[in-house]
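Q: I would like to learn how to read a protein model. Could we go through it feature by feature?

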Amino acid sequence: MKEDERTRGDGVHESQERVKSEVRDDLIRNSQPILSNKSQMLGMPQFGLRDNLIKCELLKNEDAYTYIKNYSFFLGTYNVNGKNPKESLSPWLASTTTPPDFYLVAFQELDLSKEAFLFNDTPKEPEWMLAVYKGLHPDAKYAFVKLVRLVGIMLLFYVKAEHAAHISEVEVESVGTGVMGRMGNKGAVAIRFQFHNSDICVVNSHLAAHTEEFERRNQDFKDICRRMQFSPDDLTLPPLTIMKHNVVLWLGDLNYRISDLEVDHVKDLIAKKDFESLYNHDQLKRQMDEEVVFVGFTEGEIDFQPTYKYDTGSDQWDTSEKCRVPAWCDRILWRGKNIKQLHYQSHMTLKTSDHKPVSSLLEIGIKVVNEESYKRTFEEIVRHIDRLENDCIPSVSLSQREVTRPAAQ
C-alpha cells in the first residue's frame, strides 16, 4: 500500500509539472522576443566614454523626442482562500468589451498549507495559472511575461503579443511582513518593467488582518515601500524603489475594514446601496485622508458592495460564529500621471472563495519614442558635447621673441 501511495504521489507530481510546463511553453511560444536592453529599444549607438553624459542629456530632453500614447491595463485581485479553481474566470478577466493591452492578475491565499509556508512551493500555482490563461479575453493573443510568488501571494503578467517587443528590464522582488515581520504569510510581491519609455511597477500585497490592526497594516505598507528594492543592471547605480517609477499600480487584499459600525447597520446600508455613508467608515479612506499611507495614490469611486466576507459557494454574508463585518478588503490604487480609470468593480458571480474578485481597467498614457525626433535630439546633443570637448582642448603658441644668452666671460 505504501508503494502504491508513493507511485500515486509521483504521478500527481509529474502531472502537475506537465501542466505547469505546457502552460509556460504555450505562452512563451506565443510571445515575441522581449528586449532586455534599453539601448536596443531606443536604437542607441555605443557611446564609449561619453555614455553617461549623453544618457543624462537624453533624459533631460526626453519631452523633445517622446509623445504620450494610451494603453489599457486590466488589474485584477482575488483572495482565493486556499481553494482550487472550480469555475471559469472569464466573467472576471474577460469582462471588458474590448481586449485590454495588459493583464496584471493578483492572488492572495493561493495555498494555506504548512508546506507552502515552509517550502514556498505549491501545486496550486500551475492550476491557477492555467485558469487565468483560459480566462483571458478571447479576442486577442496574449504572451506570458512574468510570474512572481511568495507563499500564497502571486502576481501574473500577460501582454498582447504585439506589444511584447517593447517590454524590457523586467525584474521581480518580494518582501515578507508576516510572522516576526519577515515571513511570507503576509507581505508583497512586485514586478517592474519598462514599456517603451515609461517605467512601471506593479505591487500585489496582502496586509495584516483583523479590524483593530489598521496600524499594523500601515506599518506593513511602509515596510514594503522601504524594503522592496530592484537591482539595476548597472551596478554603479543605486537600487530602484517602488516610488521611483513613473507609474505605480498597487492591488491586493489590503485588509482595511469598516470601523465604528455594528454589523447589522453595515448590512442595512449595503441593502440600501448607501455606499457613500459606508465608505466614510472605511479604514483605508481615513488613513489616506490623514496622509498616513498611500500618499500620492488615487483610488476610484467605490460603487459596489463589500467583497468580504461571504459563505464559500454563495452570496450570503458570513454566518459563522465570528459573523465578520462586511468590508472592502480587496482594493486597487494607482500613482502617476496620465492615468484614467474606466471601470472599478467586483464580480459577484464567482463563488469559489469567501472573497469576491475585483477588477479595474486603467487607461495609462505611456511615453513612446518618436524615432526621427530622437535621432535629431541625439545628434544635437552629440554636436554640443563635441563643441565642449573642442573648447577644452589645450592650445600652444610660440613667441616670436628671441632670447640671447650672454657669452661667458
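A: Start with burial: a residue is buried under 20% relative accessible area, exposed over 50%, and partly exposed in between, with a 1.4 Å probe and protein chains only. Phe107 has a relative accessible area of 0%, so Phe107 is buried. Buried residues make up 49% of the 409 residues in the chain.

Q: What kind of model is this, and how are its residues numbered?
A: This is a predicted model, in which local features need pLDDT of at least 70, side-chain atom pairs count only at pLDDT 80 or more, and totals for chains, interfaces and linings use all residues. Residues are numbered from 1 along each chain as its sequence is written, and side-chain values use heavy atoms, with hydrogens and water left out.

Q: What pLDDT does the chain average?
A: The pLDDT is the predictor's confidence in each residue, from 0 to 100. The chain averages 88, and 87% of the residues score at least 70.

Q: In what order do the strands of the open sheet lie?
A: Strands of a sheet pair through backbone hydrogen bonds, either parallel or antiparallel. Two strands count as paired if DSSP finds at least two bridges between them. Here five strands form an open sheet in the order β5-β6-β7-β10-β11, with mixed pairing. At the edges are β5 (167–176) and β11 (330–335), each of which pairs on one side only.

Q: How does β6 pair with β5 and with β7?
A: Strand β6 (residues 187–195) is antiparallel to β7 (residues 198–206), over nine bridges. The pairing of β5 and β6 is also antiparallel, over eight bridges. Take Ala190 as an example: Glu173 stands opposite Ala190 of β6, and in β7 the bridge partner of Ala190 is Val203. For Gly187, the bridge partner in β7 is His206. A hairpin is formed by β6 and β7, with two residues between them, and His196 in the turn has a positive phi of about 55°.

Q: Why is β6 described as largely enclosed?
A: In a regular strand the side chains alternate between the two faces of the sheet. Nine of the nine residues of β6 are buried, so β6 is largely enclosed by the rest of the structure. One side has Gly187, Val189, Ile191, Phe193 and Phe195, and the other has Ala188, Ala190, Arg192 and Gln194, all buried.

Q: How is the aromatic pair of Trp92 and Phe107 arranged?
A: A pair of aromatic rings is described by the distance of the centres and the angle of the planes. Rings of Phe, Tyr and Trp (its six-membered ring) pair if their centres lie within 6.5 Å; planes under 30 degrees apart count as stacked, over 60 as edge-to-face and the rest as tilted. The count by this rule is 24 aromatic pairs. Trp92 and Phe107 are edge-to-face, at 6.0 Å centre to centre and 85° between the planes. Trp92 lies in helix α5 (residues 90–93) and Phe107 in strand β2 (residues 102–108), 15 residues apart. Trp92 is buried at 0% relative accessibility.

Q: How do the rings of Phe107 and Trp128 compare in distance and angle?
A: Their centres are 5.2 Å apart and their planes at 45°, so the pair of Phe107 and Trp128 is tilted. The pair links distant parts of the chain, with Trp128 in helix α7 (residues 124–135), 21 residues from Phe107. Trp128 counts as buried, at 0% relative accessibility.

Q: Which residues form one aromatic cluster?
A: The cluster consists of Tyr71, Phe73, Phe102, Phe157, Phe193 and Phe195.

How values were computed: Helix = DSSP H or I, 4+ residues; strand = E, 2+ residues; numbered from the N terminus.
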